[in-house]
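Open the model in your viewer and keep the sequence panel beside it. The tour below goes from one selection to the next and says what is there.

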Amino acid sequence: MEAVRDLGTTGDTGPMNLGGSHASDDGPGADADKGPRRAQVGERPRPRVDLKAVFGLEAGAWAWTTAAQATIAMTVSFALAALVFGPQIGTLAALGSMTVLYEKKTPYAYRSAALALVGLGFVAAVAVNSMAASLSPWAAVASIGLTAGVATWVCAAWRVDKPGPMFFVLVATISTIAPGTLADVPLHALVAALGAAVGWAVSMSGAPLRARHPEYQAVAAAFRALGSLLRSVGTPDLDHAQHKASTTLADAWRIVLLGQTRGYRTTAEAARLRALLRWVSDIHLAATQVCMARPSPLPEEVAEYADALALAVADPGRAPDPDSLDELRRGMRPRSLEARLYSLLSRAAHSARRASQDEEDDERTETLHDERYPALWGALRSSLSGDSLIRPTALRMWVTVTAAGVFGLWLGLDHYYWVALTTTAVLQAGNVVLTMNRSVQRSLGTLLGVVVGAGLLMLDLPLAAVIVLAGVLQGATQLVVGRNFLYASVLLTPMALLLSYTASPHPITALAESRIIDTVVGSAFGMAGSLLLWRKASATRLPQAIAGVLATTRQCMLAVLDQEVEIGPGRRYRLRRDMRAALVSLRGVYESAIGDVPRAASTRPLWPVVVATQRIGYLALAALAQDRKPEPVGVITLQRVDLAFGELISAIEERRTPRLGALPRLAAYPRINMELRALSNSMTSAVAQDERAAQQEVERRAQRERNRAQKDVDADL
């Protein structure tokens, strides 16, 4: 408690003091009397190809609900279509039912429309690829590749969550082997639509009983992520927990916004949910300030309090006692950082205890200042810009999948479409390191899955058993795919074999051998595409992402500091939304770039730059969250702040050492001063490492030339 009281009672000169009255940048080892210490920078992300990455389980929960829904949807659709249209055509309905795997977290009102679009995408994939297959195998190969590219583009631009383009390509590949001619294409599309309708119905089945469950789950997840962030205070995991909390909170804002239907948003329930969302947002930013200022962990009961608030989102009766944090606040100045954090937590508990909100919460319960539905055409257009990673990702998928299919067909592989499917699955990993892991997992998983699938096919099971097994295997795949792709591949392969054999029977031994060969070839093409096509896309865009965050931060800070600027609720919301989106995107670009070997060698030194940039952005978000303006600053100070950010942006874009000079003293924001200096220093170090690496490469090339010349001389002698 002494450390808590020290932080709450020393160096607080105003409501926005972020940890002390000085702005020195003495680093983690500084003494307390030398000013505030900078929070420790955590270890950078380290994607690796090792046994743990291949065989280990990732953190997270088992997807029991998704598994059950996937089993029901596939079993019902497959059985119904097989009964009406026959088992061979019925496999298309089984694949169409995979609409149930999409939009699992979004509100039901939005989900109904989104799943209808997914279903239409499946129907279009079946129609186009079935028609192409009736023309020639080469047309089918081109159609599958185009489906993979377009699905990757649209899913990324419209923020369609996992499994993304994977099942669009699976539907496309199986439709190329469905029996029939050009005249049967409408029938194939109809059967796929039947399966998509079943998947839609299963996914929407919870709406009558738990109509607002997705929104409650999203806000509760934000409170749980807040608890994890509070536990990370004073630890090296701080920056990682901050990113996780910010990502979860951004998802909560999106989901709650999507749920604001016309008849619902004026209800007391909707007002309470909006209030809780705003509370968790403000608490997160208050916690951000404490994270930056406090070198030691917070008491465990603070994180437990946030966990209790997560339970109270859906059940007001489980809200914690608002007065239970009074003991922690005792002895603190009311305007200190931790006192404000505890006050916000207590006020959030008051709000969570009420089933409806009264007049004093009007500001928090008012309508969210944004459009409910995203601008779909605008998203597609922006995804094609030069700054977007979506365009090279979609092009890589299209070119590689097409090339893989062409190679398989040229090689004479009977099931060339599996080559394209495997390539799609491998390329979904993202960067080179993750693609390599996924390639190994796919190959090993398929090898084991083929043994299981061949054994099941040799049993010559009746159609009813095949339908049930396919559904169970599909559900089991969805249960484990989020934890490890290897084990999911073991389960997915026999399901795909059952569907493929039912749609187009082949000798079992030949089918199994072909599956193994096609998987190896597809994995190799996936690795080649990741290594050869737009491999530097993330690394080259990282400086742009850093500059984008700094530009948004400059805009926020100038709006906060300028006394002549009045920030209305709408503009404040938009600034915070854009700032948070830029911060989340920056971390995503870095994590993608760090796995793009060997280019990653020049990306690793930028980790301190990314951390400092993110911290400045989060502190700017915290400044926007304040209800009152800080002490007035002069025009010269505003200009110097503007120039400082402009110089940092230019330096990162030009990959040179920044020339900051003396920073303007921001008495209300000492932590921003500290992180600006840290950013300048880390950029200087990164540039020096780049120059040193470039010099070493020049020396190595010169040495190789000398060795080659010496060998030529020796040969002449």
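This is a predicted model: local features need pLDDT of at least 70, side-chain atom pairs count only at pLDDT 80 or more; totals for chains, interfaces and linings use all residues.

**Confidence**

The chain has a mean pLDDT of 82, with 89% of its residues at 70 or more. Select helix 1 (residues 2-9): confidence is lowest here, at a mean of 36. Then select helix 9 (residues 213-231), where confidence is highest, at 94. Next take residues 1-34, over which pLDDT stays under 50. The model has 77 contacts beyond four places in sequence for this stretch.

**Helix 17**

Helix 17 has 22 residues, and the distance from its first C-alpha to its last is 31 Å. That is close to the 32 Å expected at 1.5 Å a residue. Now pick out its buried residues, among them Arg396, Met397, Thr400, Val401 and Leu409. What do the buried residues of helix 17 pack against? They pack against helix 6, helix 18 (416-427), helix 22 (508-532) and helix 23 (537-561).

**Helix 27**

Select residues 635-654, which form helix 27. How far apart are its end C-alpha atoms? They are 28 Å apart, which agrees with the span that 20 residues should have at 1.5 Å a residue. Buried residues of helix 27 include Leu638, Val641, Phe645, Glu647 and Ile652. Arg655 follows this helix, and its phi is positive, near 50 degrees.

Most residues other than glycine have a negative phi. The next two selections have a positive one.

Select Glu103, in the loop between helix 4 (87-96) and helix 5. Phi of Glu103 is near 50 degrees, and the residue is not a glycine. Is Glu103 buried or exposed? Its relative accessible area is 6%, so Glu103 is buried, the cut-off being under 20%.

Then select Arg159, in the loop between helix 6 and helix 7 (166-175). Arg159 is not a glycine either, and its phi is positive, about 55 degrees.

**The second largest pocket**

Show the second largest pocket, which has a volume of about 560 Å³. It is lined by 23 residues. Which of them lie nearest its centre? Select Leu117, Gly121, Val154, Trp158 and Phe168 to see them. Helix 5 (108-135), helix 6 (137-157) and helix 16 (376-382) each supply at least two residues of the lining. The largest share, 9 residues, comes from helix 5. Colour the lining by residue type: 20 are nonpolar, 2 are polar and 1 is charged.

**Ala196**

The last stop is Ala196, in helix 8 (residues 185-203). Why does Ala196 count as buried? Its relative accessibility is 8%, and buried means under 20%. Leaving aside neighbours within four places in sequence, Ala196 is in contact with Gly96, Ser97, Thr99 and Gly119. Ala196 and Leu92 are 104 residues apart in sequence, while their C-alpha atoms are 9.7 Å apart in space.

How values were computed
Residues are numbered from 1 along each chain as its sequence is written. Side-chain values use heavy atoms; hydrogens and water are left out. pLDDT is the predictor's confidence in each residue, from 0 to 100. Helices (H or I, at least four residues) and strands (E, at least two) are DSSP runs, numbered from the N terminus. Contact means heavy atoms within 4.5 Å. On a 1 Å grid over the protein atoms alone, a cavity is a set of points where a 1.4 Å probe fits but cannot get out, and a pocket is an open set with protein on both sides within 12 Å along at least five of seven lines; lining residues have an atom within 4 Å of a point. Grid points are joined across faces, edges and corners, and a volume is the space filled by probe spheres set on the points. Ala, Val, Leu, Ile, Met, Phe, Trp, Tyr, Cys and Pro count as nonpolar, Asp, Glu, Lys and Arg as charged, and the others, Gly among them, as polar. The expected span of a helix is 1.5 Å times one less than its number of residues. Buried means under 20% relative accessible area, exposed over 50%, partly exposed in between (1.4 Å probe, protein chains only).
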